[in-house]
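Dear colleague,

Please find below the structure that I am handing over to you. My notes on it follow directly after.

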Amino acid sequence: MTKTDIARRVYNHTWKLDPIVRSLLDTDFYKLLMLQMIWGMYPNIDTTFSLLNRTTSVRLAEEIDEAELRDQLDHARTLRFSKKEMIWLGGNTFYGRKQIFEPEFLAWLENFQLPQYELSKRDGQYELTFSGPWMYTTLWEIPALAIINELRSRAAMRAFGPFALDVLYARAKAKMWAKTERLKALPDIRISDFGTRRRHSFLWQRWCVEALKEGIGEAFTGTSNVL
């Protein structure tokens, strides 16, 4: 795995946009299986999916800049499945089964685009809604949540300098590794990662997954994240 200086990366936000979601595969694997089922059985069903913050004491609209949120959502809508990603989906064996994704479904998926969204504010909260055919709106769930969570993390760390960030992540890594060592001592334990939608950031999730792979070996059964 390529090593990334997470603290330096967090601090160096000098580019116009640092995309939170860089691939449509940055999602949970079950969402693709569900999507194939919806595509095959309910292609004409319209739905409305809304993201609501249940912890109302956290006033997201006052912590996350609306322009930054729109930029991230708009960027996610520009993403398409690459040729390499399509070959990977079509050629791999999942759960012991070859070609778990039907060729006709993959042909449709190749041109998939996340649909439009509606964003507004009310009482210190964002109201984020996705309406349209179910087979399009369903894939917004994971990236929308990941974008909201990482933007909140970025906002919380915006005032930190490079040394403060370096110490912050060093402490976080030490704490994570201490937990990994405690888990390693437990017999017959099995751990899986399902944290994409609530992660601090993509880079931090990737670091934690790699730490678990090294720290507890076969006791770590994997991550739901396709990437």
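**Findings**

Met37, Met41, Tyr42 and Ile45 make a nonpolar surface patch of about 360 Å². A patch is made of residues with over 30% relative accessible area and no salt bridge, where like charges are joined within 9 Å and nonpolar side chains (Val, Leu, Ile, Met, Phe, Trp, Tyr) within 5 Å. Accessible areas come from the Shrake-Rupley method with a 1.4 Å probe, and for residues only the protein chains shown count as cover. A salt bridge is a side-chain nitrogen of Lys or Arg within 4 Å of a carboxyl oxygen of Asp or Glu.

The model is predicted: local features need pLDDT of at least 70, side-chain atom pairs count only at pLDDT 80 or more, and totals for chains, interfaces and linings use all residues. Residues are numbered from 1 along each chain as its sequence is written, and side-chain values use heavy atoms, with hydrogens and water left out.

Met37 belongs to helix α2 (residues 29–41); helices (H or I, at least four residues) and strands (E, at least two) are DSSP runs, numbered from the N terminus. Met37 counts as partly exposed because its relative accessibility is 33%, given that buried means under 20% relative accessible area, exposed over 50%, and partly exposed in between (1.4 Å probe, protein chains only).

Next, the sheet. Three strands form an open sheet in the order β1-β5-β4, with antiparallel pairing; two strands pair if DSSP finds at least two bridges between them. The edge strands, β1 (46–51) and β4 (118–122), each pair on one side only. β1 is joined by six bridges to β5 (residues 125–133), and Phe49 stands opposite Phe130 in β5. β4 and β5 pair over five bridges, with Thr129 in β5 as the bridge partner of Glu118. The hairpin of β4 and β5 has two residues between the strands, and Asp123 takes a positive phi near 50° there.

The salt bridges number 14 by the rule stated above. How far apart are the closest N and O atoms of Arg22 and Asp18? They are 2.7 Å apart. Asp18 is buried, because its relative accessible area is 8%, whereas Arg22 is partly exposed at 46%.

A second salt bridge joins Arg197 and Asp28 (3.2 Å, N to O). This pair links distant parts of the chain, 169 residues apart. Arg197 counts as buried at 14% relative accessibility, and Asp28 is buried at 2%.

Yours sincerely
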